[in-house]
Amino acid sequence: MSGTRRRVTIVGAAATSVVAGVALLPNWSAGAAVSDDPTVDARTRATFQRLADAVFTDRTNALVDGGQADADKPLTDGFSGDVALSSGTARTEDATRSALGQRKKKLAKAGETYRGAATTVTLNATRVTGRTAKAEVTETTTLTYARARGDAPKTTGFQARHELTFKADRRGDWRLTGIRDTDQGGLAVNTLSKPAPVKAATTADTMPNAPRAATTRNPAAAPKTGTTYDYKAMAAYAEKHWNAYNKDYPDFSGRGAGGDCTNFVSQSLKAGGWKHVPGYVYDYTRWFGNADIQSHSFIGVNEWSWFAQNSKRTKPLANVFQLEVGDVLQVDFDKDGSKDHTMIVTYKSGGVPYVTYHSNNTLRRSVASLVASYPNAYYYAYRT
């Protein structure tokens with residue numbers, strides 16, 4: 001999810017555990033430890049990681065036909081003793097899995113089901129202050145489509161970053177008391193967090209406004225006839241860098257300014273032939289970006305839309321399912337007129353476009369899944 005203006009700113013039940021953070025030492029200087037404060041050693045950190053793995057594997061499998069949500073016990077029930085869920089977090093996770101089960105039904109009605117999933121969690125860092133520990137983790141999940149036919153993608157994948165809060169009880173045992181998604185977008189398919197976009201300071205009525213696109217299936221065909229740009233190159237760039245960021249550009253993920261989504265889409269368009277329009281960074285009629293400087297139209301959701309329409313490099317599409325490879329999709333989640341998120345189409349099969357994006361880093365998520373997950377949002381489709 002990219003913000004606007006202000007340095008802007010997605011097999012089976014068992015998951016493989018990755019403990020990249022075992023070698024990381026806790027930040028003891030972060031707070032004054034007292035003699036009875038519990039320690040967080042390598043073994044405890046490894047258990048933090050395994051519990052996080054279980055939490056997010058349970059969430060993902062709630063979306064899978066025959067997954068853990070259909071079994072008697074979630075994986076997190078296997079934790080007790082030194083590290084486990086608090087009673088409150090256990091109830092919250094039960095409710096989350098139930099809500100994701102309802103999302104699974106909505107996705108199935110939209111023609112999308114998953115037959116398997118694989119989730120791994122990496123522990124990136126642990127910070128300890130007295131009797132509270134904060135664990136930063138990265139979740140990497142792959143979902144396998146159940147009905148992939150012909151040349152349709154077989155899987156979709158995403159990465160999501162989270163912060164887990166553990167508190168020590170009177171016996172020194174650690175209880176997971178809170179889970180916070182730290183990506184600006186919150187668009188992973190197995191999360192329920194409401195997107196919290198950074199809005200533009202103002203959205204002038206005089207700016208070029210794109211019409212909203214319908215979300216009904218099987219619209220009239222709108223084939224792509226232009227040859228000005230290399231759309232395969234756009235898709236190839238996006239799929240190469242969806243989770244391996246190009247060091248030739250700044251990374252706006254996790255900076256509290258809205259995320260990296262529009263910056264990423266602009267890079268993909270540039271790879272397919274969009275040329276710079278140099279000028280003042282605040283001027284939405286200009287468009288340019290490199291390692292050192294970026295126009296706000298290069299990195300901002302609304303500014304990109306204004307540039308794209310004013311420059312005639314895009315034209316609006318009437319329906320999101322008319323999108324083709326290299327086209328762009330934007331979303332206004334809270335329907336306030338200020339767009340929140342930008343994605344690029346990197347695949348299409350069976351009349352369904354698949355989008356790739358940053359914040360969360362996501363590869364080939366179907367537009368059907370987006371519409372089913374956010375049915376009340378406003379969508380804007382751009383032919384590039």
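Predicted model: local features only at pLDDT ≥ 70, side-chain atom pairs only at ≥ 80, totals over all residues.

Which residues in H3 meet which residues in H4?

Mentor: On the H3 side you have Ala233, Met234, Tyr237, Ala238 and His241. They meet Phe264, Gln267, Ser268, Leu269 and Ala271 in H4. Sort that contact by class and you get seven nonpolar residues, three polar ones and no charged ones.

Now the geometry. Two packed helices are described by the angle between their axes and the distance between the axes. H3 covers residues 231-241 and H4 covers residues 261-271; their axes come within 7 Å and cross at roughly 140°. Why call H3 oblique to H4? Because angles over 145 degrees count as roughly antiparallel, and the crossing is at roughly 140°, H3 ends up oblique to H4. As for handedness, H3 passes H4 in a right-handed crossing.

H1 brings Val55, Asp58 and Arg59 to the contact, while H2 brings Glu93, Thr96, Arg97 and Leu100. By class, that contact has four charged residues, two nonpolar and one polar.

Then there's the largest pocket, with a volume of about 320 Å³. It is lined by 17 residues, and the closest to its centre are Gly111, Arg147, Ala152, Val352 and Tyr354. The lining splits into eight nonpolar, five polar and four charged residues.

One of those names takes us to a strand: S9 runs over 352-357, S10 over 361-366, and asparagine 360 is in the loop between them. Serine 359 is found in that loop too. Here's the backbone detail to look at. Most residues other than glycine have a negative phi, and most peptide bonds are trans. Serine 359 has a phi near 65°, a positive value in a residue other than glycine. The peptide bond from serine 359 to asparagine 360 is cis, with omega near -10°.

Conventions: Residues numbered from 1 in each chain as written. Heavy atoms only, no water. Axes fitted to C-alpha atoms, helices over the stretch in contact; angles between N-to-C directions. Helix = DSSP H or I, 4+ residues; strand = E, 2+ residues; numbered from the N terminus. Parallel < 35°, antiparallel > 145°, perpendicular 65-115°, else oblique. Left-handed = near helix turned anticlockwise from the far one by under 90°. Contact = heavy atoms within 4.5 Å. Nonpolar A, V, L, I, M, F, W, Y, C, P; charged D, E, K, R; others polar. 1 Å grid on protein atoms, 1.4 Å probe; cavity = no way out; pocket = protein on both sides within 12 Å on 5 of 7 lines; lining within 4 Å. Points joined across faces, edges and corners; volume = space filled by probe spheres on them.
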